[in-house]
Amino acid sequence: MAYWIFKVNPEQYRIDERLADPEVRITWQVSKYRDQIRTGDTAFIWRTGRNRGLCAVMKIISDPIDMPEIKSEEPYCIVLDVSTKCRVFGELVERFPLIKAEDIKSIPGLQGLSVFHGFQQATNFPVTEEEGRILGRLVATGHRSLAI
């Protein structure tokens, strides 16, 4: 099992409305790492923009495949792209109030998260096993204690 950060731009996708929807099945575009993202991996959903940070966790339930967006996701797409793209199916397993990027950066072991460095236009970012465990504990504790 591997860990990932999947980014979402709230100017292109209504992530807050989507997370309020009780439907757990979701798709996500895979722009990089198509040959590495696999069924059983965990993706932490990262909201971009002014209020950036973690807002959900998704269990990946399919290997990446080329497909159009599924109908149930279309109402949340501000910029609807009906073309075939590489995507995964996932299940939302955790939804929570935003854990701010600035707070995450302050946690020992998370300063090196790939989403903080390098080329930021991608959708998918690898997370090391140790970073994944730290993020998992942060989510599991309801991020009450940022000193994990």
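Visitor: Let's start with the pocket. How much space lies in the largest pocket?

Guide: About 610 Å³. Keep in mind that this is a predicted model.

Visitor: Which residues lie nearest the centre of the largest pocket?

Guide: Look for Lys7, Gln12, Tyr13, Gln29 and Thr123, which belong to a lining of 21 residues. As for the strands, β1 (3–8), β2 (25–29) and β6 (85–100) each give the lining at least two residues. The largest share, three residues, comes from β2.

Visitor: And how many nonpolar, polar and charged residues does the lining have?

Guide: Seven are nonpolar, eight are polar and six are charged.

Visitor: On to cysteines. How many disulfides does a search of the whole structure find?

Guide: The idea is to check how far apart the sulfurs sit, since a disulfide needs a pair of cysteine sulfur atoms within 2.5 Å. Here the search finds zero. Take cysteine 55: its nearest cysteine sulfur belongs to cysteine 77 and is 15 Å away. For cysteine 86, the nearest cysteine sulfur is also that of cysteine 77, at 16 Å.

Visitor: Is cysteine 55 buried or exposed?

Guide: Buried, with a relative accessible area of 3%. Cysteine 86 counts as buried too, at 10% relative accessibility.

Visitor: Now asparagine 124. Where is its place in the structure?

Guide: Asparagine 124 is in strand β7, which covers residues 124–127. Anything under 20% relative accessible area is called buried, so asparagine 124, at 1%, counts as buried.

Visitor: What does the side chain of asparagine 124 reach at 2.6 Å?

Guide: The backbone nitrogen of serine 31. A polar atom of that asparagine 124 side chain also lies 3.4 Å from the backbone nitrogen of lysine 32. If you set aside neighbours within four places in sequence, the residues in contact with asparagine 124 are Ile5, Phe6, Trp28, Gln29, Val30, Ser31, Lys32, Tyr33 and Ile37.

Visitor: Tyr33 is on that contact list. What phi does tyrosine 33 have?

Guide: First the general idea: most residues other than glycine have a negative phi. Tyrosine 33 has a positive phi of about 70°, although it is not a glycine.

Visitor: Where is tyrosine 33 found?

Guide: In the loop between β2 and β3 (42–47). With a relative accessible area of 27%, tyrosine 33 is partly exposed, whereas its contact partner asparagine 124 is buried.

How values were computed
Residues are numbered from 1 along each chain as its sequence is written. This is a predicted model: local features need pLDDT of at least 70, side-chain atom pairs count only at pLDDT 80 or more; totals for chains, interfaces and linings use all residues. Side-chain values use heavy atoms; hydrogens and water are left out. On a 1 Å grid over the protein atoms alone, a cavity is a set of points where a 1.4 Å probe fits but cannot get out, and a pocket is an open set with protein on both sides within 12 Å along at least five of seven lines; lining residues have an atom within 4 Å of a point. Grid points are joined across faces, edges and corners, and a volume is the space filled by probe spheres set on the points. Helices (H or I, at least four residues) and strands (E, at least two) are DSSP runs, numbered from the N terminus. Ala, Val, Leu, Ile, Met, Phe, Trp, Tyr, Cys and Pro count as nonpolar, Asp, Glu, Lys and Arg as charged, and the others, Gly among them, as polar. Buried means under 20% relative accessible area, exposed over 50%, partly exposed in between (1.4 Å probe, protein chains only). A polar contact is a pair of N or O atoms within 3.5 Å; within protein, one must be able to donate a hydrogen and the other to accept it, and residues adjacent in sequence count only if both atoms are side-chain atoms. Contact means heavy atoms within 4.5 Å.
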